[in-house]
Amino acid sequence: MSNFLFIVECVKPIQIEKKSITGAKVSIQNEFDGKSDHDNDSSRKLNPVNISLNDCLACSGCITSAETVLITQQSHEEINRILQENKSLKKEGNACRFVILSVSAQPVLSLAKRYDLSPAETVSKIVGFFKQKGVDAVHTTWIAEEIALAETVNEFIASYKERECSKENLSPMLSSACPGWICYAEKTHDFILPRISTTKSPQQIMGSLVKAYYAKEKQLPRDNIYNITLMPCFDKKLEASRNDFLDETTNVRDVDCVITAVEMEHWFQSESIDFSKIEPQALDTFRNLDSSAQNTLLTHPGSLSGGYAYHVFVYAAKELIHTNNAPVQFQPVKNADLKEVKIQCEEKTLHFAIANGFRNIQNVMQRLKRNRCSYDYVEIMACPSGCVNGSAQIKSDDQSNTKQLLRELEELYNQLPQFPVEELNQRCQPFYAWMQNLFGEQNLKSILRTSYHAVSKNNVSFSIKW
Ligand code: SF4
């Protein structure tokens with residue numbers, strides 16, 4: 001476990017009684033010595049702050065107890081156990097589980113950097129490794145990312161039009177793909193929940209797709225399909241275990257196990273596997289529907305976390321203000337992790353932002369609380385720099401190289417092949433037709449959308465003092 005405990009840096013906001021408009025300055029000399037300087041230059045020692053799980057903002061700065069439990073439940077040991085069990089069942093001639101892995105781009109890049117391989121080589125070695133272990137099919141999550149983007153675009157355009165003819169203003173729409181942000185919103189800002197896009201994250205869309213597809217293809221009950229995802233953060237384990245993604249009739253989850261780049265590295269080390277020597281194999285496709293993603297890692301332009309704001313902006317400019325060539329240059333404001341773009345045409349304006357990291361999330365929340373937020377859409381991601389810098393990406397051995405590593409990962413991400421944004425809807429048409437066939441048209445909404453729930457602090461039944 002200690003391999004996964006990187007940085008434990010938890011900051012609990014404390015209230016300082018203000019005595020003048022100049023405010024108070026808080027200085028921390030060492031970890032036990034906090035002082036507050038008031039206007040008359042006197043200083044007083046601050047009381048030690050007790051932090052409990054109730055205070056956890058799921059900011060990804062540390063690993064919470066809930067995540068620790070999930071790391072044990074969703075680990076490489078667990079995958080090995082399932083695959084071993086499968087081998088024994090097969091040997092005895094019994095039915096076994098069909099095991100699938102879905103791979104997202106960011107952890108592949110992290111492993112590529114760690115083992116000095118190209119992204120394409122890394123993907124094919126990941127496939128080779130898991131197939132050797134007994135996994136039956138390996139896909140990238142690209143098809144689910146395409147669907148999540150198209151769904152978010154449609155959701156935003158519908159809600160913008162609705163807003164124009166209703167008094168209720170639920171702007172801005174906030175992105176929904178980051179479980180770190182969702183967990184924070186549910187715990188601390190329940191007023192914001194109706195503004196969060198209801199589109200499921202690519203991980204969860206992929207989960208629904210692979211379970212339905214292979215259940216039909218292989219004529220298997222859903223509980224005989226085991227679905228693993230390779231993701232950039234531990235928060236994705238929390239997302240996979242939400243009750244919203246549990247089929248209550250069969251008690252089966254869409255995603256059974258999430259594994260991360262740092263856990264893969266640990267897996268190779270614990271079994272003395274030389275990853276660079278693994279025999280490469282080709283990715284699987286859904287009957288050639290996603291053949292463009294075969295053995296190629298594809299991404300989407302706009303950010304290092306999926307390009308939500310970018311895609312929604314291009315389509316909104318076209319649909320809502322009839323501008324085909326809107327300049328989509330997100331410009332940094334205040335810091336590199338808060339970027340904005342704005343376009344105005346006659347009386348209509350589109351004002352979009354990308355906010356990465358909790359400092360910027362809190363900034364957006366404060367503006368919303370004060371009714372001073374003019375954004376129409378905000379792509380919100382809990383990690384500074386977005387998913388490429390997820391909590392479970394492999395860190396640099398040398399702390400001073402962290403920024404350099406991040407820059408290299410960004411470069412790799414931006415070099416990956418991308419399709420034109422303008423063709424997204426066209427590309428998704430066959431995917432929607434396929435899903436209608438798979439789930440039935442009337443069920444598509446429940447497959448692609450989700451909901452959020454305010455978490456009452458009193459519901460947290462245990463309170464551990466760190
Ligand atoms: S921004 Fe960070 S916490 Fe959010 S989904 Fe990406 S890697 Fe996970």
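The paragraphs below walk through a helix pair, a single helix and a few backbone positions in this predicted model.

Two packed helices are described by the angle between their axes and the distance between the axes. Helix α3, covering residues 105-114, packs against helix α4, covering residues 119-133, at an angle of about 105 degrees, and their axes are 9 Å apart. Because angles of 65 to 115 degrees count as roughly perpendicular, α3 and α4 are roughly perpendicular to each other. On the α3 side the contact is made by Val108, Leu109, Leu111 and Ala112, and on the α4 side by Pro119, Thr122, Val123 and Ile126; these residues divide into 7 nonpolar, 1 polar and no charged.

The loop between α3 and α4 holds aspartate 116, a residue other than glycine whose phi is positive, near 55 degrees. Aspartate 116 is exposed, since 9 other C-beta atoms lie within 10 Å. Most residues other than glycine have a negative phi. Asparagine 251, in the loop between β8 (246-247) and β9 (252-253), likewise has a positive phi, near 60 degrees, and with 9 C-beta neighbours inside 10 Å asparagine 251 counts as exposed.

Helix α11 consists of 12 residues, 358-369, which at 1.5 Å a residue should span 16 Å, and this agrees with the 16 Å between its end C-alpha atoms. Within α11, Phe358, Asn360, Ile361 and Met365 are buried; these residues cover an arc of only 160 degrees around the axis, which means that they lie on the same side of α11. The buried residues of α11 pack against α6 (179-188) and against the strands β12 (335-345), β13 (348-356) and β14 (377-381). Following α11 comes asparagine 371, with a positive phi near 60 degrees.

Conventions: Residues are numbered from 1 along each chain as its sequence is written. This is a predicted model: local features need pLDDT of at least 70, side-chain atom pairs count only at pLDDT 80 or more; totals for chains, interfaces and linings use all residues. Axes are lines fitted to C-alpha atoms, for helices over the stretch in contact, and angles run from 0 to 180 degrees between N-to-C directions. Helices (H or I, at least four residues) and strands (E, at least two) are DSSP runs, numbered from the N terminus. Angles under 35 degrees count as roughly parallel, over 145 as roughly antiparallel, 65 to 115 as roughly perpendicular and the rest as oblique. Two residues are in contact if their C-beta atoms, placed from the backbone, lie within 7 Å. Ala, Val, Leu, Ile, Met, Phe, Trp, Tyr, Cys and Pro count as nonpolar, Asp, Glu, Lys and Arg as charged, and the others, Gly among them, as polar. The expected span of a helix is 1.5 Å times one less than its number of residues. A residue is buried if 20 or more other C-beta atoms lie within 10 Å of its own, exposed if 12 or fewer, and partly exposed in between; C-beta atoms are placed from the backbone. The arc is that of the directions from the helix axis to the C-beta atoms.
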